[in-house]
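Here is a friendly note to read alongside the model. Keep the picture open and take the points one at a time.

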2 protein chains.
Amino acid sequence: MSTLPSSSDTPSARLAPVLERIDADLPGALSRLEGLLRIPSISTDPAFAGACREAADWLVADLATLGARAEARPTGGHPMVVAHVDNSGENPAQAPHLLFYGHYDVQPADPLELWDGDPFEPAVIEGPRGPAIRARGANDDKGQLMTFVEAARAWIAVHGALPARVTFLFEGEEECGSPSLLPFLDAHGEELRADLALVCDTDMFDPQTPAITTQLRGLVGEELHVRGPSRDLHSGSFGGAAANPVRALAKALAGLHDERGAVTLRGFYDGVDELPDALRAQWEALPFDAGAFLGGVGLSVPAGEAGRSVLEMLWSRPTCEINGIWGGYTGAGFKTVLPAEAHAKVSFRLVGRQDPDAVRAAFRAQIRAALPADCDVSFTAHGGAPATVMSTDAPAFERARAALSAEWPRPAAFIGSGGSIPIAGLFRERLDMDTLLIGFRNEDDAMHSPNERYDVESFHKGMRSWARILDALSHPVRG
Amino acid sequence: MSTLPSSSDTPSARLAPVLERIDADLPGALSRLEGLLRIPSISTDPAFAGACREAADWLVADLATLGARAEARPTGGHPMVVAHVDNSGENPAQAPHLLFYGHYDVQPADPLELWDGDPFEPAVIEGPRGPAIRARGANDDKGQLMTFVEAARAWIAVHGALPARVTFLFEGEEECGSPSLLPFLDAHGEELRADLALVCDTDMFDPQTPAITTQLRGLVGEELHVRGPSRDLHSGSFGGAAANPVRALAKALAGLHDERGAVTLRGFYDGVDELPDALRAQWEALPFDAGAFLGGVGLSVPAGEAGRSVLEMLWSRPTCEINGIWGGYTGAGFKTVLPAEAHAKVSFRLVGRQDPDAVRAAFRAQIRAALPADCDVSFTAHGGAPATVMSTDAPAFERARAALSAEWPRPAAFIGSGGSIPIAGLFRERLDMDTLLIGFRNEDDAMHSPNERYDVESFHKGMRSWARILDALSHPVRG
């Protein structure tokens, strides 16, 4: 075991061989990632519970090869992987304690017919920027979490140790609302609390510009079931006189937005602030082409609130979206049925100080009020988390920004995210830690969609980025 | 061969022995019906094509015993049975020509496990109102068509002749869309055109009240496919800025009705007339319990246009119904997808002189106009037929009503039907004939369902009803 050289604020001599090791071991790293991608760890579908367990066990076994004390801990749902690697270099007492979080569960893969290959048989394909790994979970989040694991592996291979004390936390329920996460953090706070959390589950700003995400939208998920007649009816016998739950649902959902695209729920915009001037100026300076962004997915007109920029719509304004709807006859041909039931899945992205519970309550009240007599509704909650806004004046943010900027063609940016990563809020609230949200996914990587992929370059330079960040952060970031 | 007594507008002396003959021969009539019911003439399943042929041959042989010139005529599908019985009584030139239509094909019998016995082994069981014949086709339509055949048999047995010239037309494709019917009518119009058509394939108003269905709603079916982004998107990455086809579809569908329940399509109510006062008064006098009708399917409030009675909503007002809707993630759990597509099936029941093509065009135009930029829509047509409204001032309608009223506990009603029976429209359009739609089925007879049945009383009094109607109609209804 070699002795770690001194750390500094600039890329140090100890870093170069780690980067070389990462370059040399790229095929091995890809092969390991493919092993993890083959496990169909779809957390939302109980049929795949065994696969989730298998993915957790795979990570435990892999982390054990780094010398970590690794375990798959049982929860009420899928297991939580926890592993510790102590800093064994110079000044262990002064080295920071970093908590790295990722999730090993993935979204369902349907519609399967739109994939060019088996979602759980990873393949290296030619993507828009060169080779990419195609598989469900390639960028969300297995490929991303492995960039950090592989960076740690390279540090240990070269130096026999990491430059910091690192705790790994891998969740298996991120795609189904993280029901076990909060109880787990509360039960194991002492063990998990670190100086800083690192999370790799976000996007680059663009393929040349790495990003540290400093504000995230929250999320409220709701499923609703509208019931009318006691059985499906024939529209010839009952049409005109009987309540139609699909019609009632369509009307209730149509009322969720006004003509200017604003959400109509009572009190919805309570806690939604305008952007600070400095951040607005930085966002406006970003090389963001709204037309190209929308054009890339076949669209041309921003669909959000009138008078807002696209980056505001995505990062700093709340939304209401219908994620799924179903009811009545949906097969081939025609059936003149008046369905007994209609269903929808609806979600809200939250910003600022919007209260998930208040949004949920306002939604349920508005839907109930919008339904006609003879239509009952029941609701199922699917997770809720407030928005998160980081304090970017902590030194780790600038150090990480410099490290990232050294790896990529363009300087790293502080950006917002339209998505929800509740973990950052929970780390702040429960473990008193800031979180560095750094990821290497690109927006056209088909996250949650058929043919999800991750550029081999994202994977490779992601590993190198984490190696640099570990180096940059490896002296106390507190006190 | 006896000489027919004179016809008149009231039950004549010649009728009484015919009714006695029907009463005496009830066991024989039931036995013949059972013979027809044993043939599994399922028209929609090619495996039963031989059985359809067998049912047609059975009818040809049975009609031949009445002295009819009967044939099973080939079509592109199952055969069409055509038979003629000339009037051989007094004043043959003045006797009316009646065309009786029925269909010998039946619905598939599945799910077989829900039947209490073999669907093609008829059994007399105890039904809700007394003995009933249980078999597939018992009320739709073999039992109903045989009521007329048996009435004719009794007339011929007693008097050696029918009091009218009668043509029988039995179709074998009614349950699979009648593909051969229109070409057959066009090819054989001269042979089939009569003074009046009789059809026995409808319901009683209630078990005590026979009915003549004098207006039928038409139907327009549409399927629509709304497409927005070129692929499913993640609502975290695109939510707020990207068009959501499910939201767009919900809004477009919600706009199809106004706050008073009226359909908003441009020109939709063109050709929709108010009920004639006499018919409105008759409908209002019907022993119809709207609360019980809706309560039977778990509802309590009429859902149609404000200010309309439930019978109007069902029989004389047009509707727009959403029969199915689907889009986005509809599986277990939650997926924050912005779906690329959303779909619906929508149908319109038409009345009066509404034009199916105009309704379809107005629907498509309104949906297109309601969708935002970036949402395209395509449509698939699923059939279209105008409403049928009989001219109930033709003398045959009142004569038949009087004849039916003499047979049953309560006077016969002129009613509407919310459903569509295209044959009546075709007879009007292609053969310039009105149709008397008279049937003896009750609404709880499980038509198209397991344990389909037909009350023995329906069969018996149905035969007697037709004997009375033949008597009542047996002088020229034209000129």
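1. Of the 479 residues of chain A, 57% count as buried; that label needs 20 or more other C-beta atoms within 10 Å of a residue's own, while 12 or fewer makes it exposed and anything in between partly exposed, with C-beta atoms placed from the backbone.

2. A word on what you are looking at: this is a predicted model, where local features need pLDDT of at least 70 and side-chain atom pairs count only at pLDDT 80 or more, though totals for chains, interfaces and linings use all residues. Residues are numbered from 1 along each chain as its sequence is written, and chains are lettered from A and ligands numbered from 1 in the order in which they are written.

3. How does the overall size of chain A look? A compact globule of 479 residues would have a radius of gyration near 23 Å, and chain A agrees, with 24 Å. This radius is taken over C-alpha atoms, and the globule rule is 2.2 Å times the number of residues to the power 0.38. Along the principal axes, the C-alpha atoms fill a box of roughly 85 × 50 × 45 Å.

4. Chain A is divided into domain 1 (15-216 + 388-473) and domain 2 (219-272 + 318-385), with bounds from an automatic or database domain assignment. Their centres, taken over C-alpha atoms, are 35 Å apart. Where the two domains of chain A touch, 6 residues of domain 1 are in contact with 6 of domain 2; contact means C-beta atoms, placed from the backbone, within 7 Å.

5. Chain A has 15 helices and 18 strands. These are DSSP runs numbered from the N terminus: helices are H or I with at least four residues, strands E with at least two. One open sheet of chain A has 3 strands in the order β4-β5-β18, with antiparallel pairing; strands pair if DSSP finds at least two bridges between them. β4 (123-127) and β18 (453-455) of chain A stand at the edges with a single partner strand each, so one side of each has no neighbour in the sheet. Between β5 (residues 130-134) and β18 of chain A there are 3 bridges, and A:Arg134 stands opposite A:Arg453.

6. Now look across to the other chain. In all, 74 residues of chain A are in contact with 68 residues of chain B. The largest share of chain A's side, 9 residues, comes from β11(A). What joins β11(A) to β11 (residues 319-328) of chain B? The answer is 5 bridges, with the strands running antiparallel. Here A:Gly327 stands opposite B:Ile325 in β11(B).
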